Amino acid sequence: MEGLQTLAAALTTAETSCAHWADAELHRLRGDLLGRLPSPDWTEVESCFREALKVAQEQGTRGFELRAAVDLARLLSAQQRQTEARELLAPIYGWFTEGFDTPDLQQAQALLKTLDAPPLKRRGAR
């Protein structure tokens, strides 16, 4: 996939030029693209999102950290790991005191609402 090649080149360029300001976003985008493949390796996708989160935390880039946390929380939720997703995303969302009309914070809020919703009962379940 061309997008993955472009991201690999961007990460290589960042490494050789010591310009690491976008590394977290590059790792997050890599995870997103890997997740769109016909047969994704979900372990690798999760690893990319976790690397993005780690880099953003190390750099103190809260916006990139929020984006990585939202993507990782979505993945965890899809894997029936809602508690882990909520525990990851809620504190990061809680740091923000303004900008709640931005798409990133709106997505985080919407995801947190679904994570806080009680699980649906299955038919025939008691």
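A residue is termed buried when its relative accessible area is under 20%, exposed when it is over 50%, and partly exposed in between, with a 1.4 Å probe and only protein chains considered. The legends below describe a predicted model, in which local features need pLDDT of at least 70, side-chain atom pairs count only at pLDDT 80 or more, and totals for chains, interfaces and linings use all residues. Residues are numbered from 1 along each chain as its sequence is written, and side-chain values use heavy atoms, with hydrogens and water left out.

**Figure 1. Overview of the chain and its six helices.** The chain has six helices and zero strands, where helices (H or I, at least four residues) and strands (E, at least two) are DSSP runs numbered from the N terminus. The order of elements from the N terminus is accordingly α-α-α-α-α-α. The C-alpha trace spans about 60 × 40 × 20 Å along its principal axes. Of the 126 residues, 34% count as buried. The chain exposes about 8,100 Å², of which carbon and sulfur atoms supply 53%; accessible areas come from the Shrake-Rupley method with a 1.4 Å probe, and for residues only the protein chains shown count as cover. Contact denotes heavy atoms within 4.5 Å. Among contacts between residues at least 6 apart in sequence, 50% join residues at least 24 apart. There are 15 positive and 18 negative side chains, and the centres of these two sets lie 12 Å apart. Lys and Arg are taken as positive and Asp and Glu as negative, while His and the chain ends are not counted; each charge is placed at NZ of Lys, CZ of Arg, CG of Asp or CD of Glu.

**Figure 2. Leucine 34 in helix α2.** Leucine 34 is buried, because its relative accessible area is 8%. Leaving out residues up to four places away in sequence, leucine 34 touches Leu4, Pro40, Glu44, Val45 and Cys48.

**Figure 3. Glutamate 25 and its polar contact with arginine 67.** Glutamate 25 also belongs to helix α2, which covers residues 23-35. With a relative accessible area of 11%, glutamate 25 is buried. The side chains of glutamate 25 and arginine 67 make a polar contact at 2.8 Å. A polar contact is a pair of N or O atoms within 3.5 Å; within protein, one atom must be able to donate a hydrogen and the other to accept it, and residues adjacent in sequence count only if both atoms are side-chain atoms. Residues up to four places away in sequence aside, glutamate 25 touches Phe64 and Arg67.

**Figure 4. The largest nonpolar core, with leucine 53 among its members.** A nonpolar core is a set of buried Ala, Val, Leu, Ile, Met, Phe, Trp, Tyr and Cys residues joined through side-chain atoms within 4.5 Å. The largest such core holds 25 residues, of which Leu53, Leu66, Leu88 and Leu89 touch the most other members. At least two residues of this core come from each of α3 (42-59), α4 (62-78), α5 (82-94) and α6 (103-116). Helix α4 gives the most, with eight residues. In soluble globular proteins, nonpolar side chains tend to be buried together. Residues up to four places away in sequence not being counted, leucine 53 touches Glu65, Ala68, Ala69, Leu72, Leu88 and Ile92.

Figure 5. When residues up to four places away in sequence are not counted, serine 77 touches Gln82, Ala85 and Leu115. Glutamine 80 counts as exposed, at 63% relative accessibility. Glutamine 80 has a positive phi of about 65°, although it is not a glycine. Most residues other than glycine have a negative phi.

**Figure 6. Leucine 112 and alanine 110 in helix α6.** Leucine 112 counts as buried, at 9% relative accessibility, whereas alanine 110 is partly exposed, with a relative accessible area of 43%. Apart from its neighbours within four places in sequence, leucine 112 is in contact with Arg86, Leu89, Ala90 and Tyr93. The C-alpha atoms of leucine 112 and tryptophan 21, 91 residues apart along the chain, are separated by 28 Å. For alanine 110 and glutamine 59, 51 residues apart along the chain, the C-alpha separation is 26 Å.
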